[in-house]
Amino acid sequence: VTYLTRRIKVRALNNKGLQRLDPPGGGWGLFGWHTIPPDATSIIITEDEYDAMAVYQATGRSAVSLPNGCRSLPPDVLPLLERFDKIYLHLGDDPAGVEGRNVFIQELDRGDASQFI
């Protein structure tokens with residue numbers, strides 16, 4: 001399997017708002033995608049890279065993070081998610097996380113709401 005670096009994200013440790021994506025206008029991907037086994041039937045999606053790493057450390061299960069926070073699900077990544085039977089959305093309980101979760105459920109819905117946990 002060959003993986004392609006689409007963009008690099010640089011972010012301040014103490015302020016999530018201070019970030020930069022290089023190259024500008026580059027494609028979208030999911031942080032941690034390379035850790036998902038080809039035969040996986042479920043996926044954990046987190047709000048950021050730190051959360052994806054924490055999920056893995058706590059559970060041993062691979063996780064990916066959204067490219068630009070809990071409100072960012074670019075259409076480019078939707079085809080990557082089609083093969084999964086269950087999608088675990090780990091986006092937080094703050095207003096932005098709840099809003100993002102509700103939007104993603106609508107965008108990813110295939111007619112079976114039980115696929116989201």
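Predicted model: local features only at pLDDT ≥ 70, side-chain atom pairs only at ≥ 80, totals over all residues.

Colleague: Okay, how many helices and strands does the protein chain have?

Modeller: There are three helices and five strands. Starting at the N terminus, the order is β-β-β-α-β-α-β-α.

Colleague: And how compact is the chain?

Modeller: As compact as a globular protein of that length, because its radius of gyration is 14 Å, close to the 13 Å that the globule rule gives for 117 residues. Along the principal axes, the C-alpha atoms fill a box of roughly 40 × 35 × 30 Å.

Colleague: What share of the residues is buried?

Modeller: Of the 117 residues, 36% count as buried. Also, if you take the contacts with a separation of 6 or more, 56% of them are between residues 24 or more positions apart.

Colleague: Let's zoom in. Where is Ser-42?

Modeller: Ser-42 is in strand 3, which covers residues 42-46.

Colleague: Is Ser-42 buried or exposed?

Modeller: Buried, because its relative accessible area is 17% and the cut-off for buried is under 20%.

Colleague: Which side chain does Ser-42 make a polar contact with?

Modeller: That's Arg-61: the two side chains are joined by a polar contact of 2.7 Å. Setting aside neighbours within four places in sequence, Ser-42 is in contact with Arg-61, Phe-84, Lys-86 and Tyr-88.

Colleague: What about Thr-46, where does that one lie?

Modeller: Thr-46 lies in strand 3 too. Its relative accessibility is 0%, so Thr-46 counts as buried.

Colleague: Which residues does Thr-46 touch?

Modeller: Not counting residues up to four places away in sequence, Thr-46 touches a list that includes Asp-51, Val-55, Leu-66 and His-90.

Colleague: Changing topic, what volume does the largest pocket have?

Modeller: About 640 Å³.

Colleague: How does anyone find empty space in a model?

Modeller: You roll a probe the size of a water molecule over the atoms, and that shows where empty space is left.

Conventions: Residues numbered from 1 in each chain as written. Heavy atoms only, no water. 1 Å grid on protein atoms, 1.4 Å probe; cavity = no way out; pocket = protein on both sides within 12 Å on 5 of 7 lines; lining within 4 Å. Points joined across faces, edges and corners; volume = space filled by probe spheres on them. Helix = DSSP H or I, 4+ residues; strand = E, 2+ residues; numbered from the N terminus. Buried < 20%, exposed > 50% of the residue type's maximum accessible area, 1.4 Å probe, protein only. Polar contact = N/O pair within 3.5 Å; in protein donor to acceptor, adjacent residues only side chain to side chain. Contact = heavy atoms within 4.5 Å. Rg over C-alpha atoms; globule rule 2.2 N^0.38 Å.
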